[in-house]
Each structure stands twice: as structure tokens, then as C-alpha cells.
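Open the model in your viewer and keep the selection panel at hand.

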Amino acid sequence: MQPVAILHSPFAEKFGVPRQGNLAPHVRSRVVLEPTFRGTDCLRGLEGFSHVWLIWGFHCNGSEWHPTVRPPRLGGNARVGVFASRSPFRPNGLGLSVVKMVSVEADGIVVSGADMVDGTPIYDIKPYVPYSDAIPEAASGFTAAPWEPLAVQLPPQLPAGTTPDWVAALRETLAQDPRPAYQNDPQRVYHLILKPFEVSFRVEDGTCMVTEVHRYE
């Protein structure tokens with residue numbers, strides 16, 4: 001199976017990628033078709049839809065997987081079966097995400113809310129169809145428990161070059177708490193890359209405090 005496209009996102013590494021992409025709508029990414037599919041009619045009619053499904057690969061993972069995993073929503077302690085989770089460590093390493101389309105271009109599409117690392121291989125693109133894909137009465141399992149985003153506290157001064165959209169994307173990303181669920185040291189400083197900047201932060205009492213923002217080299 002060969003990729004039909006490559007996704008280019010502001011996340012240079014796995015740490016920091018939003019757990020739920022639709023909760024970070026200011027994160028913009030480009031899905032660039034592979035040369036075989038450019039200049040063809042493969043995207044004809046897609047502009048009539050607002051969202052698409054992306055089927056993609058966890059290309060940054062190794063081949064190791066386990067029958068049970070520890071979902072962050074359960075505090076990183078309780079285990080469930082891998083097929084009862086959205087863990088990236090899966091037998092076939094495939095991901096499925098619905099994203100909002102911003103525009104359709106000659107060589108691909110611009111999307112918002114993608115929860116993927118820069119360079120992610122895209123294996124298929126399918127339109128999201130609300131009347132059949134949305135199921136309001138669906139049960140949510142262990143994810144039904146209320147979710148509280150972190151408050152995000154930024155430094156009074158940010159480097160030149162930060163834009164309102166970048167700041168909004170950072171807030172949306174940090175509010176989802178990128179830390180591993182089993183780590184809760186309020187003094188520990190974490191680092192994530194949201195291009196073109198690298199961000200340092202720590203979390204204490206439900207607040208994510210950004211301690212430094214500098215250009216990513």
C-alpha cells in the first residue's frame with residue numbers, strides 16, 4: 001500500500017500533537033498529493049464537502065504493539081484493549097481522522113484540525129458525509145466522563161513573528177495537556193515544537209504555564 005499524499009503540519013515531532021484534532025481548529029496543515037495523483041481529476045467535486053476523512057500511517061512508531069493500552073482519559077493507569085482505544089501503537093499502525101477542509105488546491109488540500117506529525121503518509125482521502133457518518137446517539141464508552149481543558153498562561157511578551165492564529169493553535173494544543181498521563185510533576189518542564197517556534201511549559205493545578213518561546217532551529 002502506497003501513500004496518495006503526504007501531510008505537512010507544524011508539529012515536527014510526536015510530542016505535542018493534539019490528542020483530538022478537532023479541538024485545535026487553528027492548526028493548519030497541507031495534504032500534498034504524490035506526483036502520480038497531481039494534475040488529475042482525483043479531487044474533482046471535493047470542494048462541495050466541508051470535511052474529509054484521512055486514513056494515514058503512524059510513521060514515527062516502531063513495530064511494537066501490545067494487546068492492552070493505558071488511555072490518557074483513564075489517568076494512564078487503567079488498561080483497556082487496543083481495539084477499545086485510539087492508541088497509536090496498533091497492529092497495523094493506521095490512523096483515521098476527520099478534518100475540516102480550508103481549500104482545495106491543484107496539488108492537494110489545506111485542512112484544519114489535523115492531529116498528525118509533519119511528514120505523515122496519507123493512504124486515502126474520503127468525503128465526510130453527515131447524514132451517514134454522524135451518529136448522535138452513539139455511546140462514548142470510557143470517554144463519556146467530562147473533560148476539562150487546562151487553562152493556558154502565556155508570557156507577557158512573545159517573540160516577533162508569532163501570529164494570532166499561531167497563538168490560538170498553541171492555546172488549543174496545550175489545553176489538551178500533551179503530557180503523558182502518568183506524569184504529574186508540577187516542576188517538570190516540557191518542550192514541544194509548533195513550527196516555527198519551540199515552546200517550553202509546565203503544568204500545575206490545572207494551569208499550563210508557558211515559560212519560554214523561541215525560534216525552532
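Select Asp 205 first: this residue is exposed, at 75% relative accessible area (exposed means over 50%, buried under 20%, partly exposed in between, with a 1.4 Å probe and protein chains only). Asp 205 sits in the loop joining β11 (197–204) to β12 (207–215); strands are DSSP E runs of at least two residues and helices H or I runs of at least four, numbered from the N terminus. A word on the source: this is a predicted model, where local features need pLDDT of at least 70 and side-chain atom pairs count only at pLDDT 80 or more, while totals for chains, interfaces and linings use all residues. Residues are numbered from 1 along each chain as its sequence is written, and side-chain values use heavy atoms, without hydrogens and water.

Now show β11 and β12 together: they pair antiparallel over eight bridges (pairing takes at least two DSSP bridges between two strands). Pick Phe 201 and you will find its bridge partner, Val 210, in β12.

Finally, zoom out to the whole chain, which holds two helices and 12 strands. Along its principal axes, the C-alpha trace spans about 55 × 45 × 35 Å. Colour by burial to finish: 38% of the 217 residues count as buried.
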